[in-house]
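Take a look at the chain below.

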Amino acid sequence: MARIVMQPSGKSVECAYGDTVLMSLEKAGFALPNNCRAGACGECKVKVLSGQFDQGMVLDMALSQEDRRQGFGLMCMAKPISDELVIEWGTEDAKPKLFPPRENALFVVVDKRVVAARVVELRLRPVGKPLRYWPGQYVTLGPGNDAIPARAFSIANAPRPDGELTLQIARSDDGPTSQWVHDTLTIGDNVKLSGPYGTFIGDPAVDTPILCLAAGTGLAPIMALAETALRRGFRKPVTLLFSARTEPDVYGHGMMAWWRTKHRNFDYKVTLTREQKDGFLQGRVNEVLPGLFPDLSKHTIFAAGSPEFVATCVNAVKALGAQDGMIYTEGFFAQQQPTVADASHLLNTAN
Ligand code: FES
């Protein structure tokens, strides 16, 4: 058994014999960024301040000789061989740091499809380096002219080795950017994204049952958070309640059904607010929640959607006992602008 100490917080976790540093951090609830988990992508690169470790087989592309000389290692493959390994991870209060946003990163639209009555899904691939982000964050996208401003859209997928991003964009009658996406942008186009922005990220130290509430394209950040939690082996129950007006407004069904089949701790329900259909709940979240969760005092809650939806969710979950410090929200305004966290929370990365 070795001890992994994180600086600057000074917090430590035990690392069982045979475990990698990444595994031991995750078991203790610390989410070190990672992607391939096989020494190939470089996403889990951190500086090791002291102690020895066996780096295992990793690709030079992910960890260069220069990185090694500077003391960096890939934590998805690194196993401690000294009693203590001190690494640079997180903020002073042991929270994950945010990645510095990039401006005008070039992407290509590799797919565009209609997924619900008023929602298209874009799949965008980076031409250069992948954009590093935490699930739950968003990017801004626009045609790059003065007439149509760039707008904020949440990333709907967990980070992938190829850097592909999925955005789900609802048509807004008074939103020229969404109309440009729906009517003009086509597969094969180049687009420029800026980001990531936002602080609606899952607290990796959460070790309680989770209830996710989403309406409309509020589902996007919730999907990214759920995918990431399930991928890293989160074991407590995760329930996703998606609120849609009518059945044609429902999307994401396939992915949620796949998660439910693959992960026994995941379940999802869809409630329709403007029609009654077999196989769906009926009513707004505040109407259906009491029947599903009479007591939410031990749940962590994530809610995303319009500000009105989020406010309704917060009132509803508090009425069922949810505690203030365990409620995370993201309300989308039609004219949402990016907000950048204080620079002290930004990750200093080696690449
Ligand atoms: S997660 Fe890809 S190199 Fe570690």
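Strands β8 and β13 run antiparallel and are joined by 5 bridges. Here, strands count as paired if DSSP finds at least two bridges between them. Strands themselves are DSSP runs of E with at least two residues, helices are runs of H or I with at least four, and both are numbered from the N terminus. A hairpin of 2 residues takes the chain from β8 to β9. In general, strands of a sheet pair through backbone hydrogen bonds, either parallel or antiparallel.

A word on the model: it is predicted, so local features need pLDDT of at least 70 and side-chain atom pairs count only at pLDDT 80 or more, while totals for chains, interfaces and linings use all residues. Residues are numbered from 1 along each chain as its sequence is written, and side-chain values use heavy atoms, with hydrogens and water left out.

Now step back to the whole chain. The domain assignment gives domain 1 (2-88), domain 2 (102-197) and domain 3 (210-331). These bounds come from an automatic or database domain assignment. Taken over C-alpha atoms, the centres of domain 1 and domain 3 are 34 Å apart.

The scale is simple: buried is under 20% relative accessible area, exposed is over 50%, and partly exposed is in between (1.4 Å probe, protein chains only). Serine 12 and leucine 85 are 73 residues apart in sequence, yet 9.5 Å apart in space, C-alpha to C-alpha.

Another open sheet has 6 strands. The order is β17-β16-β15-β14-β18-β19, and the pairing is parallel. At the edges stand β17 (281-282) and β19 (327-331), each with a single partner strand, so one side of each has no neighbour in the sheet. Strands β14 and β18 run parallel and share 5 bridges. Leucine 211 stands opposite isoleucine 301 in β18.

Next come the rings. A pair of aromatic rings is described by the distance of the centres and the angle of the planes. Rings of Phe, Tyr and Trp (its six-membered ring) pair if their centres lie within 6.5 Å; planes under 30 degrees apart count as stacked, over 60 as edge-to-face and the rest as tilted. The structure holds 8 aromatic pairs. In one of them, phenylalanine 99 and tryptophan 134 have ring centres 5.8 Å apart and planes at 20°, so the pair is stacked. Phenylalanine 99 lies in the loop between β7 (84-88) and β8 (102-116), and tryptophan 134 in the loop between β9 (119-126) and β10 (138-142), so the pair ties together parts that are 35 residues apart in sequence. Both residues are buried.

Phenylalanine 200 and phenylalanine 302 have ring centres 6.0 Å apart and planes at 75°, so this pair is edge-to-face. Phenylalanine 200 is in the loop between β13 (190-197) and β14 (210-215), and phenylalanine 302 is in strand β18 (residues 300-305), so the pair ties together parts 102 residues apart in sequence. Phenylalanine 200 is buried, at 3% relative accessible area. Phenylalanine 302 is buried too, at 5%. Phe200, Phe302 and Tyr328 form one aromatic cluster.

Finish at the largest pocket. It holds about 1,300 Å³ of space. (On a 1 Å grid over the protein atoms alone, a cavity is a set of points where a 1.4 Å probe fits but cannot get out, and a pocket is an open set with protein on both sides within 12 Å along at least five of seven lines; lining residues have an atom within 4 Å of a point.) Points are joined across faces, edges and corners, and the volume is the space filled by probe spheres set on them. The lining has 44 residues, of which Ala170, Ala215, Gly216, Thr217 and Ser306 lie nearest the centre. Strand β11 gives the largest share of the lining, 4 residues.
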